[in-house]
Amino acid sequence: MTHIVDEFPELQGLMGEKYALLQGEEADVATAIREHYLPISAEGELPQTELGSILAIADKLETLIAFFAVGIVPTGSQDPFSLRRNALGIMRIMKANKWNIRLLPLIREVIKIEQAELDQSLSVEELQQEIIQFLKQRLKAIMLGEAIRYDIIDAVLDSTQDNVPELLERASVLNNYSTDSGNFRETIESLSRVVNLAKNMKKKL
């Protein structure tokens, strides 16, 4: 193993691609090795290949789970391990590829793979929910960047839905309707009354 990336961090991924090709790996595998580090910034380039995108999500999700499992969670402006960037990268890649993949089963599978390395006293359910909420916060940042209303974002993300393209679509539809429709407020009030009536009926039953 060489230490060239230690000296030149900007070559991370690129050197892996070169070494993979020298060792006889297929070109698509070598490309995926380079791309799985992407994006390297909040607005950075995303993986362009499907294999690179899959590998990038897997690597970033594994990183999040490993850190969260030992209680290392970003607080305030402190994020020395770039966990927010990793989470945002996952959301951006899923959005770009329009992958209809639920987050919870994906997280569950990665935890299952890493189970032997995790603290056995750890609550897997709590870990899953922490990761989900952390990812949704990064998705919130994406939605805010698309000028979606705060209240709509909160309403959409507060649901149990964890399919990224579906969440983005819901937020976009509601936001457009709230802007284009003159009776948006009346519609919300009517729906609220129906929900409250249903809750009251459930209590009586």
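Helices in these legends are DSSP runs of H or I with at least four residues, numbered from the N terminus. The model shown in every view is predicted.

**View 1. Phenylalanine 81 and the nonpolar surface patch.** Phenylalanine 81 is placed in the loop between helix H4 (50-69) and H5, and with a relative accessible area of 43% it is partly exposed. Together with Val70 and Ile72, Phe81 makes a nonpolar surface patch of about 270 Å². The loop between H4 and H5 also holds serine 82, which counts as partly exposed at 23% relative accessibility and has a positive phi of about 55 degrees although it is not a glycine.

**View 2. Arginine 92, a buried charge without a salt bridge.** Arginine 92 lies in helix H5 (residues 83-97), where it is buried and yet has no salt bridge. The side chain of arginine 92 does, however, reach the backbone oxygen of glycine 44 at 3.0 Å. When neighbours within four places in sequence are left aside, the residues in contact with arginine 92 are Pro39, Ser41, Ala42, Glu43, Gly44, Leu46 and Ile142.

**View 3. The cis peptide bond at proline 39.** The bond joining leucine 38 to proline 39 is cis, with omega near -5 degrees. Proline 39 has its place in the loop between H3 and H4, and this proline is among the residues in contact with arginine 92.

**View 4. Helix H2 and its cover.** The buried residues of helix H2 (residues 14-22) are Met15, Glu17 and Ala20, and what covers them includes helix H1 (4-7) and helix H3 (27-35). Just after H2, glycine 24 takes a positive phi of about 90 degrees.

**View 5. Serine 53 in helix H4.** Serine 53, which has its place in helix H4, is buried, with a relative accessible area of 1%. Apart from neighbours within four places in sequence, serine 53 is in contact with Pro47, Ile93, Asn97 and Trp99.

View 6. Aspartate 162 and arginine 102 meet through their side chains in a salt bridge of 2.7 Å, N to O. The two residues are 60 residues apart, aspartate 162 being in the loop between H8 and helix H9 (164-180) and arginine 102 in the loop between H5 and helix H6 (103-114). Aspartate 162 counts as buried at 3% relative accessibility, whereas arginine 102 is partly exposed, with a relative accessible area of 42%.

View 7. In helix H6, lysine 112 and glutamate 109 lie three residues apart, about one turn of the helix, and their side chains meet in a salt bridge of 3.3 Å, N to O. Lysine 112 counts as exposed at 52% relative accessibility, while glutamate 109, at 40%, counts as partly exposed. In helix H9, glutamate 166 and arginine 170 are separated by about one helical turn because they are four residues apart, and the closest N and O atoms of their salt bridge are 3.1 Å apart.

**View 8. Alanine 147 between helices H7 and H8.** Alanine 147 lies in the loop between helix H7 (124-145) and helix H8 (150-157), and has a positive phi of about 65 degrees although it is not a glycine. With a relative accessible area of 60%, alanine 147 is exposed.

Methods. Residues are numbered from 1 along each chain as its sequence is written. This is a predicted model: local features need pLDDT of at least 70, side-chain atom pairs count only at pLDDT 80 or more; totals for chains, interfaces and linings use all residues. Side-chain values use heavy atoms; hydrogens and water are left out. Buried means under 20% relative accessible area, exposed over 50%, partly exposed in between (1.4 Å probe, protein chains only). Lys and Arg count as positive and Asp and Glu as negative; His and the chain ends are not counted. A salt bridge is a side-chain nitrogen of Lys or Arg within 4 Å of a carboxyl oxygen of Asp or Glu. A polar contact is a pair of N or O atoms within 3.5 Å; within protein, one must be able to donate a hydrogen and the other to accept it, and residues adjacent in sequence count only if both atoms are side-chain atoms. Contact means heavy atoms within 4.5 Å. Patches are made of residues with over 30% relative accessible area and no salt bridge: like charges are joined within 9 Å, nonpolar side chains (Val, Leu, Ile, Met, Phe, Trp, Tyr) within 5 Å. Accessible areas come from the Shrake-Rupley method with a 1.4 Å probe; for residues, only the protein chains shown count as cover.
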